[in-house]
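I open this notebook to record what I looked up in the structure, entry by entry.

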Amino acid sequence: MTVHSGDVVTTPRSDGASRGPDGPPYLAVRDLSVAFPTADGEVRAVRDLSFSLALGRTLAIVGESGSGKSVASLSIMGLHDRGSTRMSGSITLGGHEIVGMSPEELRHHRGVAASMVFQDPLTSLHPYFTVGNQIVEAYRAHHRVNKRQARERAVDMLARVGIPNPRRRLGDYPHQFSGGMRQRVMIAMALVNDPKLLIADEPTTALDVTVQAQILDLIRDLQRDFGSAVLFITHDLGVVAEIADDLLVMYGGRCMEQGPMRTILGRPLHPYTWGLLLSVPAVSGETDRLRPIPGAPPSLLAVPSGCPFHPRCAYRDRVPYDQCREVLPDLYPRTADGTRTSRCHLADPERIFTSDVLPRLS
């Protein structure tokens, strides 16, 4: 039951998890926290993050730089240095717990259970080896096949991602490919072992809009062919609208809002999401409606007390008793089935969005 007091909602918290429509999720993250001790103090990059992802669905995690998106994705892959990382919570992948898993077990899971496409393929691919050798090595790491069989698999994957003359290009080096073609090579390498989860971390950031659209179409097509789950990390709401089924908005290392993509982009419930939408240029090219979020994201060394977004929020004075500055809001369920959650003290954010924000987006 939801209880209202003035402009404050006191609904019991939700775990923030977004479940797929069919059975248990393939990926389930519960109360994940990741911190890095430094000489200046502890960088708390991710705090109490929970979400889930089913096979065949795409979850986009969106937020400004420094919000914790990439740190969360690297945690799922087990790529943080254990000697310099403090991690708690749970990450289950296909029923296997990742947190605390031995390095040998993690190496087995990478590439088969989950694989990752990074933002800059030129730095992710080894410059001294041909792309064919790198794909062959990734395949043979998990399959007992000879080099000829592995090369045929590599040719097949390059063809599937749209590389022309794949057998000839197998012998080329990364610098001989364009940016878009390098990203296709990275996707081929990520999918060569048929992983059930593909994590794409800003895979279209450095590409022009035409190539960006081609890469998004490719990921959608391959997801349909492989039946995999896709975790898409981005700061671009335009990309989110093209590819995602569900959306998770992060800020200051925490989840601010979560739910179905179309619902959140159509009627967002958190002031931070409103700010992100108001910062997107209009298709018409008009710039008078652009309203950038004032200020800058907080340092993860010293995240503000209360709601981490309150120093930049235009609506903090609508909540009595200075709660935005002093009390961290829980992830409140905003729908009866729990598919929509937001971390905000405002009792009726939908009314505020409709009356105050929506006219500026129209």
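The entries below go from conventions to cores, helices, the sheet and single residues.

**Conventions.** I worked from a predicted model, in which local features need pLDDT of at least 70 and side-chain atom pairs count only at pLDDT 80 or more, while totals for chains, interfaces and linings use all residues. Residues are numbered from 1 along each chain as its sequence is written, and side-chain values use heavy atoms, with hydrogens and water left out.

**Cores.** I looked first for nonpolar cores, meaning sets of buried Ala, Val, Leu, Ile, Met, Phe, Trp, Tyr and Cys residues joined through side-chain atoms within 4.5 Å; buried stands for under 20% relative accessible area, exposed for over 50% and partly exposed for what lies in between, with a 1.4 Å probe and protein chains only. The largest core has 66 residues, and the members that touch the most others are Ile135, Val185, Ile187, Phe232, Leu247 and Tyr272. Helix α7 (residues 179-191) supplies the largest share of this core, seven residues. Helices (H or I, at least four residues) and strands (E, at least two) are DSSP runs here, numbered from the N terminus. I also noted a second, separate core of 37 residues, with Phe36, Ile98, Leu106 and Ile199 among them.

I then asked what Val185 is in contact with, leaving aside neighbours within four places in sequence. Taking contact as heavy atoms within 4.5 Å, I listed Leu125, Val131, Ile135, Leu158, Ile163 and Phe177.

**Helix α4.** I checked how far helix α4 (residues 131-140) is enclosed, and seven of its 10 residues are buried, so the rest of the structure largely encloses it. The buried ones are Val131, Gly132, Gln134, Ile135, Val136, Ala138 and Tyr139. Their cover includes α5 (147-160), α6 (166-169) and α7.

**Helices α11 and α13.** The axes are lines fitted to C-alpha atoms, for helices over the stretch in contact, with angles running from 0 to 180 degrees between N-to-C directions. Helix α11 (residues 271-278) packs with helix α13 (residues 349-361) at an angle of about 10°, and their axes are 11 Å apart. The two are therefore roughly parallel to each other, a label that covers angles under 35 degrees, whereas over 145 is roughly antiparallel, 65 to 115 roughly perpendicular and the rest oblique. On the α11 side the contact is made by Trp274, Leu277 and Leu278, and on the α13 side by Pro349, Ile352, Phe353, Val357, Arg360 and Leu361.

**The four-stranded sheet.** I traced an open sheet of four strands in the order β4-β3-β6-β7, with antiparallel pairing; two strands pair if DSSP finds at least two bridges between them. At the edges stand β4 (41-53) and β7 (96-97), each with a single partner strand, so one side of each has no neighbour in the sheet. Helix α1 (residues 69-77) packs on the sheet and touches β3 (27-38), β4 and β6, with its direction at about 110° to that of β3.

Going through the pairs, I found β3 and β4 joined over nine bridges in the antiparallel sense, with Leu27 opposite Leu53 in β4 and a hairpin of two residues linking β3 to β4. Seven bridges join β3 to β6, again antiparallel, and Val34 stands opposite Met87 in β6. Strand β6 (residues 86-93) is joined to β7 by two bridges, in which Thr92 partners Glu97 and Leu93 partners His96. β6 and β7 form a hairpin with two residues between them, where Gly94 in the turn has a positive phi of about 60°.

**Single residues.** Is Arg254 buried or exposed? Arg254 lies in strand β12 (residues 254-260) and is buried, with a relative accessible area of 10%. Not counting residues up to four places away in sequence, Arg254 touches Arg47, Asp48, Ser67, Val249, Leu328 and Arg343.

I also looked up backbone angles, given that most residues other than glycine have a negative phi. Asp194, in the loop between α7 and β9 (197-201), has a positive phi near 55° and is partly exposed at 40% relative accessible area. Tyr321, in the loop between α11 and α12 (323-326), has a positive phi of about 65° and counts as exposed at 69% relative accessibility.
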